Amino acid sequence: MLIPRKNPAPRLLKALCATLLALHFGAAALAQAEPNESEGMAPLIAEAEENALAGDYDAALPLYERAIAGLAADPHSQNLLRYRYGIVLNALGGERPDLYPLARSQFQAVLSYIESSPGLPFEHSAARVRSAMAHTYHQHSALQENPNKRAAMLRNAYQLYASAIGDLRREGDWQNLAITAFNIGQVCEWQGNLEEAIQWLEQAVELDRRHGFEDLQEDMGYLSALREMVSPQQPVGDTAI
């Protein structure tokens with residue numbers, strides 16, 4: 001079994017640094033949304049992320065919570081921060097599995113905000129949020145020893161990923177579409193459905209190739225491994241079997 005994409009457990013600091021760097025422009029958008037509200041929370045957010053990078057999660061998480069609470073009068077900025085916080089929690093979940101449900105609650109709140117006001121401008125689409133929520137189930141399932149709980153998490157991950165695919169395609173969000181196709185393919189593999197897994201990986205590889213995404217070699221390698229599992233190549237030689 002392969003580990004989930006971007007599982008932070010073996011390289012937590014590197015993964016978290018990459019997560020926070022990827023969210024840099026999200027923080028800029030947060031600060032620009034309602035300067036009087038969000039700028040006052042910026043020191044709290046910066047301190048939270050400094051503590052998270054240092055591995056002091058007990059100090060970091062309450063600071064995020066305080067900043068989120070402090071943005072109650074500005075739902076747009078609050079939900080931008082909830083999304084940001086959910087991504088950070090998901091990155092830390094490999095080391096702290098108890099954070100996965102908290103990450104899901106952040107994404108659910110953001111999804112409810114988006115869906116409560118159709119057409120409201122927001123930096124993250126509902127499809128992207130559903131894919132992010134699916135990833136919390138996906139990664140959490142890998143740490144479950146109870147087979148029934150693991151199967152339930154994989155079903156949830158599959159359903160959420162599948163619900164995001166069509167919208168990501170319509171939105172032209174090609175990179176998130178490629179990542180989601182990879183991840184739903186891996187969920188299918190873990191469920192024992194190799195044929196469907198291959199179909200999803202073929203889509204991921206095609207998107208990587210078409211748009212020049214850096215995951216091309218990784219995704220091609222995984223696709224080749226899946227094909228080998230379905231149709232192993234026979235050894236070549238003169239030895240009779």
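Student: At roughly what angle do the axes of H4 and H5 cross, and how is H4 oriented relative to H5?
Tutor: This is a predicted model. The axes of H4 (residues 57-70) and H5 (residues 75-92) come within 10 Å. They cross at roughly 160 degrees. Angles over 145 degrees count as roughly antiparallel, so H4 is roughly antiparallel to H5.

Student: Which residues of H4 make the contact with H5, and how does the contact divide by class?
Tutor: On the H5 side are Gln78, Leu81, Arg82, Tyr85, Val88, Leu89 and Leu92. H4 contributes Tyr57, Leu61, Tyr64, Glu65, Ala67 and Ile68. By class, the residues of this contact are ten nonpolar, one polar and two charged.

Student: What is the handedness of the H6 and H7 crossing?
Tutor: The axes of H6 (residues 99-116) and H7 (residues 126-141) come within 9 Å and cross at roughly 165 degrees. That makes H6 roughly antiparallel to H7. The contact includes Phe107 and Ile114 of H6 and Val129 of H7. The crossing is left-handed.

Student: Which residues touch the most other members of the largest nonpolar core?
Tutor: Nonpolar side chains tend to be buried together in soluble globular proteins. The largest nonpolar core here has 62 residues. Those touching the most other members are Leu81, Phe107, Ile114, Val129 and Leu226.

How values were computed:
Residues numbered from 1 in each chain as written. Predicted model: local features only at pLDDT ≥ 70, side-chain atom pairs only at ≥ 80, totals over all residues. Heavy atoms only, no water. Axes fitted to C-alpha atoms, helices over the stretch in contact; angles between N-to-C directions. Helix = DSSP H or I, 4+ residues; strand = E, 2+ residues; numbered from the N terminus. Parallel < 35°, antiparallel > 145°, perpendicular 65-115°, else oblique. Contact = heavy atoms within 4.5 Å. Nonpolar A, V, L, I, M, F, W, Y, C, P; charged D, E, K, R; others polar. Core = buried A, V, L, I, M, F, W, Y, C linked by side-chain atoms within 4.5 Å. Buried < 20%, exposed > 50% of the residue type's maximum accessible area, 1.4 Å probe, protein only. Left-handed = near helix turned anticlockwise from the far one by under 90°.
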